[in-house]
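Okay, thanks for having me. Let me put the structure up on the screen, and then we'll walk through it together.

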Amino acid sequence: MRIILFSKALYANWIYYSPDRLLFDAGEGVSSVLGNKAFAIERVFLSHGHTDHITGLIGFINIRNSGMGDTEKPLYIYYPKGNWRISELMNYIHRTNRNLHYSLEWIPLDAGQRVSLFEGQNERYLETFPTVHSGGETSLGFNVVEVRTRLKLDYRDLPQSEIVNLVRQGKKEEMSERYPKKLFSYSGDSIPLDPTVVEGTDILCHDSTFLVEEERDAYKHATFSEALEVALRAGVQEVFIAMHISTRYKRDLERVQEQLHKEHPKLPFKVILVPPGRVFTYE
Ligand SMILES: [Zn+2]
Ligand SMILES: [Zn+2]
């Protein structure tokens with residue numbers, strides 16, 4: 001299981017990305033749903049400071065201190081620099097958790113910053129990108145990136161036998177190049193992302209609060225169609241996960257899915273509309 005996700009706009013939103021033991025946002029109920037998996041998490045990335053994305057932290061930090069697991073495992077919480085709501089919560093958590101068994105570190109991030117997740121041959125890092133939410137709310141989006149190796153363009157069309165020959169002659173280094181591959185991208189709450197920031201990602205989790213454009217009264221959040229357009233323009237490789245869907249649409253998801261199949265019978269990726277208020281898993 002790669003992803004466990006809960007999403008209900010205004011109530012609670014969080015994503016557990018298991019390959020790198022990351023939690024994106026921490027809406028209420030995150031620790032009660034994750035149970036012992038809370039101990040697997042090493043890093044939390046907060047997209048912004050609205051209640052539906054952060055209030056689960058209080059329970060989560062407490063469970064990591066007293067539940068049945070490694071209560072000494074350090075925890076790092078990353079958040080958009082200067083977000084005052086998160087600073088207030090941070091103070092509250094510090095004042096009410098004076099006896100933590102583990103080290104808890106809060107790390108502010110700007111857009112365009114990197115956090116190393118794994119060092120080695122297949123190096124992985126997280127990178128932040130700017131998002132646009134409501135006025136005055138500092139927010140960030142996130143990509144999980146793996147550095148991979150591939151043949152340089154000049155060599156890609158050569159027959160296999162010739163490539164093998166060149167490698168035997170010790171030319172492997174000069175024939176190959178390192179490149180960043182995005183594995184996972186999360187918009188947080190945002191108007192449609194600039195597709196270039198999530199280009200070629202395998203998994204795109206994008207704000208899709210509104211299914212009907214006319215029901216959005218201000219230019220905030222994204223509609224499902226806008227988010228789909230981002231996924232298409234970004235060349236998403238595997239799946240577009242539409243999340244943060246308003247509960248008003250909970251009976252409309254099947255209809256939207258059917259309509260989508262009619263309008264776009266041959267999409268190059270899977271599309272999943274996450275039902276608001278249900279725990280959703282993705283293998
Ligand atoms: Zn939200
Ligand atoms: Zn929000």
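So, Ile77: buried or exposed? Ile77 counts as buried, because it has 23 C-beta neighbours inside 10 Å. Buried here means 20 or more other C-beta atoms within 10 Å of a residue's own, exposed means 12 or fewer, partly exposed is in between, and the C-beta atoms are placed from the backbone. Keep in mind that this is a predicted model, where local features need pLDDT of at least 70 and side-chain atom pairs count only at pLDDT 80 or more, while totals for chains, interfaces and linings use all residues. As for labels, residues are numbered from 1 along each chain as its sequence is written, and chains are lettered from A and ligands numbered from 1 in the order in which they are written.

Ile77 sits in strand β5. Helices (H or I, at least four residues) and strands (E, at least two) are DSSP runs, numbered from the N terminus. Skipping residues up to four places away in sequence, Ile77 touches Val44, Leu46 and Trp106; contact means C-beta atoms, placed from the backbone, within 7 Å.

Which residues of α3 (56–66) are buried? They're Gly56, Leu57, Phe60, Ile61, Ile63 and Arg64. These six span an arc of only 165° around the axis, so they end up on the same side of α3. That arc is taken from the directions from the helix axis to the C-beta atoms.

Next, the core. The largest nonpolar core has 60 residues, and among those touching the most other members are Trp14, Phe24 and Leu46. By nonpolar core I mean buried Ala, Val, Leu, Ile, Met, Phe, Trp, Tyr and Cys residues joined through C-beta atoms within 7 Å. Helix α7 gives the most to this core, with six residues.

Last, the sheet. Seven strands make an open, mixed sheet, running β7-β8-β9-β10-β11-β12-β13; strands pair if DSSP finds at least two bridges between them. β7 (114–118) and β13 (270–273) are at the edges with a single partner strand each, so one side of each has no neighbour in the sheet. Strand-to-strand twist averages 30°. Helix α7 (224–234) packs on this sheet, touching β11 and β12, and its direction makes about 150° with that of β11. Those angles run from 0 to 180 degrees between N-to-C directions, with axes fitted to C-alpha atoms, for helices over the stretch in contact.

Note on methods:
Two residues are in contact if their C-beta atoms, placed from the backbone, lie within 7 Å.
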